[in-house]
Amino acid sequence: MGGHGFSALVEGHGRRVLVDTGTNGRVLLNNMDELDVEPDSIDYVFITHGHYDHTGGLKAFLEARSRPVKVIAHPGIFVRRVALKPERREIGIPFEKEELEELGARFVLRREPFEFTEGFMSSGEIERETWDRAVGYLAEDDLKPDPVKDDIALIIDLGENVAVITGCGHSGVINIANHSMKVSGKPVKALVGGLHLIGAKPETLEDVVKNLDVEFLFAGHCTGLESFAYLRCQMEGVEPLHVGKSVEL
Ligand SMILES: [Fe+2]
Ligand SMILES: [Fe+2]
C-alpha cells in the first residue's frame, strides 16, 4: 500500500531495524503484514526526524507489539512545527512523548553520533557545510524557520564501506554523505531515502552531480520526480525507491 511518507526495514548484523513509520499506521501495518514482518520481530526503531510523514505510524506500530522497543532519535523530534502554505497546518510528530512511552517506546534521544547496536550507528546531528533543505516553521518560537536540527541518518556498517539511510535529506544530501563518512571513517557505498530536492534549483542539482561521493543513490519520497529524472540522467548508480522496493548491499 502506497502513501505519502517514508518507512524502511533494514536487516543486517542479525538485527531488524525499522527506519521511520510513514504517515499512517494502517499503511505501515498492512505492508509489514504483506512482507510477513511481525511487529514484535523489530529490534529497534530509528526515527530520522520528527515530521508527521515519518512518525505518524509509530503509535499503531507500538500498539501492535506485545513488548517495549528502543526508539533511537534526536531529542528535537517533539518540537512543535508548522507549514504555513497553502494554509497553516501541523507537520510535527502527531503524538506526545508520554503516550508513546506508555505504549512501550523506550526513547534513546541523542545529539551525538553513537553505535546503538553492533553495525548500526546514528549519525547524530549532521554538520551542514553546504546548502541544506530545511522546511517549515517553529510553532513555539515566533514562527522562525525550522532548521530541522533533529534530522539524523542511519549508518549501517558493510565492512569496507557503509550504507546510509536518510528520511527526507533535510540536512542536504552532500552534508549527509560527508558527515556519515567522517563519523564512520568509511566511504558510502549507498545512500537511500528521500532527498528533499523537489523544486530544487538547477545549481543545487548540478552540485549534487559534482560533489556527492557515493556509489549508489536510491532516491524516493520527497526527491521530486523532475529532480530524480535529472540525477538519473547525469549520474551513475541512481535508482528509484518505491513501496515494496528491496535492496541488497
Ligand atoms: Fe518526508
Ligand atoms: Fe521531512
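## Report on a predicted model

Five of the strands, S1, S2, S3, S4 and S7, form an open sheet in the order S1-S2-S3-S4-S7, and the pairing in this sheet is mixed. Strand S1 (8–12) and strand S7 (105–109) stand at the edges; each has a single partner strand, so one side of each is left without a neighbour in the sheet. From one strand to the next, the twist averages 25 degrees. The model described here is predicted.

Strands of a sheet pair through backbone hydrogen bonds, either parallel or antiparallel. In which sense do strand S2 and strand S3 pair? Strand S2 (residues 15–19) and strand S3 (residues 44–46) pair in the parallel sense, over 3 bridges. Val19 stands opposite Phe46 in S3.

**The whole protein**

The protein has 7 helices and 15 strands. Its radius of gyration is 17 Å, close to the 18 Å that the globule rule gives for 249 residues, so the protein is as compact as a globular protein of that length. The C-alpha trace spans about 45 × 45 × 35 Å along its principal axes. Of the 249 residues, 42% count as buried. Among contacts with a separation of 6 or more, 72% are accounted for by residues 24 or more positions apart.

**Helix H1**

Which residues of helix H1 are buried? Helix H1 covers residues 25–34, and its buried residues are Val27, Leu28, Leu29 and Met32. Helix H3 (58–63) is included in what covers these buried residues of H1. H1 is followed by Asp36, and the phi of Asp36 is positive, near 60 degrees.

**Helices H6 and H7**

Two packed helices are described by the angle between their axes and the distance between the axes. Helix H6 (residues 202–211) packs with helix H7 (residues 225–234) at an angle of about 35 degrees, and their axes are 10 Å apart. The crossing in which H6 passes H7 is right-handed. The table lists the residues that make the contact.

| Helix | Residue range | Residues in the contact |
|---|---|---|
| H6 | residues 202–211 | Leu205, Val208, Val209 |
| H7 | residues 225–234 | Ser227, Tyr230, Leu231, Gln234 |

How many residues of each class does the contact of H6 with H7 have? By class, there are 5 nonpolar residues and 2 polar residues in this contact, and no charged residues.

How values were computed:
Residues numbered from 1 in each chain as written. Chains lettered and ligands numbered in written order. Predicted model: local features only at pLDDT ≥ 70, side-chain atom pairs only at ≥ 80, totals over all residues. Pairing = 2+ DSSP bridges. Helix = DSSP H or I, 4+ residues; strand = E, 2+ residues; numbered from the N terminus. Axes fitted to C-alpha atoms, helices over the stretch in contact; angles between N-to-C directions. Rg over C-alpha atoms; globule rule 2.2 N^0.38 Å. Buried ≥ 20, exposed ≤ 12 C-beta atoms within 10 Å, placed from the backbone. Contact = placed C-beta atoms within 7 Å. Left-handed = near helix turned anticlockwise from the far one by under 90°. Nonpolar A, V, L, I, M, F, W, Y, C, P; charged D, E, K, R; others polar.
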